[in-house]
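Here is a briefing on a single model. Please look over the sequence and structure, then read the notes by topic.

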Amino acid sequence: GVIQTAYANGSSTRFLESELGLNVVKTKTGVKHLHKAALDFDVSVYFEANGHGTVLFADTFLESLRQLEGNESAEHLLNIATIVNPSIGDALSIL
């Protein structure tokens, strides 16, 4: 799925829905509204035109990845989840 705010270009919404067959969730403008909608997805990458946003990984999704020991793609996603700071959003975690 895709989450967009009122700032999104209407053509992008039509393309996502009709050409890619994706469900587009529309929220009010503001990161707090994007964040709330993003919690319904396994993996969420959201941002506004001003650059504010973040990446979220659902706990259940991360646990599923941990079960795939030896899977290189799962390891990459777990590494990304480690360095992303979902609370700050505009920066990576300090390790």
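**Salt bridges**

Glu17 is partly exposed, with a relative accessible area of 36%; buried means under 20%, exposed over 50%, and partly exposed in between (1.4 Å probe, protein chains only). The model is predicted: local features need pLDDT of at least 70, side-chain atom pairs count only at pLDDT 80 or more, and totals for chains, interfaces and linings use all residues. Numbering runs from 1 along each chain as its sequence is written, and side-chain values use heavy atoms, with hydrogens and water left out.

- Glu17 pairs with Lys26 in a salt bridge, with the closest N and O atoms 3.2 Å apart. The term needs a side-chain nitrogen of Lys or Arg within 4 Å of a carboxyl oxygen of Asp or Glu.
- Lys26 is exposed, at a relative accessible area of 55%.
- Glu63 and Arg66 form a salt bridge at 3.5 Å, N to O.
- Glu63 and Arg66 are three residues apart in helix α3, so about one helical turn separates them.
- Glu63 is partly exposed at 37% relative accessible area. Arg66 is partly exposed too, at 43%.
- The count by this rule is two salt bridges.
- Side chains of opposite charge can pair when their charged atoms come close.

**Confidence**

- The chain has an average pLDDT of 86, and 92% of the residues score at least 70. pLDDT is the predictor's confidence in each residue, from 0 to 100.
- Confidence is highest in α3, at a mean of 96, and lowest in β3, at 83. Helices (H or I, at least four residues) and strands (E, at least two) are DSSP runs, numbered from the N terminus.

**Helix α3**

- Helix α3 spans residues 59–66, and its buried residues are Phe61, Leu62 and Leu65.
- The arc is taken from the directions from the helix axis to the C-beta atoms.
- Asp59 and Thr60 are exposed, on the face of α3 turned away from its buried side.
- The cover over the buried residues of α3 includes β3 (43–47), β4 (53–57) and α4 (72–83). Contact means heavy atoms within 4.5 Å.

**Helix α2**

- Leu34, Ala37 and Ala38 are buried in helix α2, residues 31–38.
- They share one side of α2, because their arc around the axis is only 100 degrees.
- Lys32 and Lys36 are exposed on the other side of α2.
- β1, β2 (24–26), β3 and β4 pack against the buried residues of α2.

**Largest pocket**

- The largest pocket has a volume of about 330 Å³. On a 1 Å grid over the protein atoms alone, a pocket is an open set of points where a 1.4 Å probe fits, with protein on both sides within 12 Å along at least five of seven lines. Grid points are joined across faces, edges and corners, and the volume is the space filled by probe spheres set on the points.
- Its lining has 16 residues, and Val2, Ile3, Gln4, Tyr46 and Phe47 lie nearest its centre. Lining residues have an atom within 4 Å of a point.
- β3 gives the largest share of this lining, five residues. β1 (2–4) and β3 each supply at least two.

**His52**

- His52 sits in the loop between β3 and β4. His52 is partly exposed, with a relative accessible area of 38%.
- His52 and Asn71 are 19 residues apart in sequence and 32 Å apart in space, C-alpha to C-alpha.
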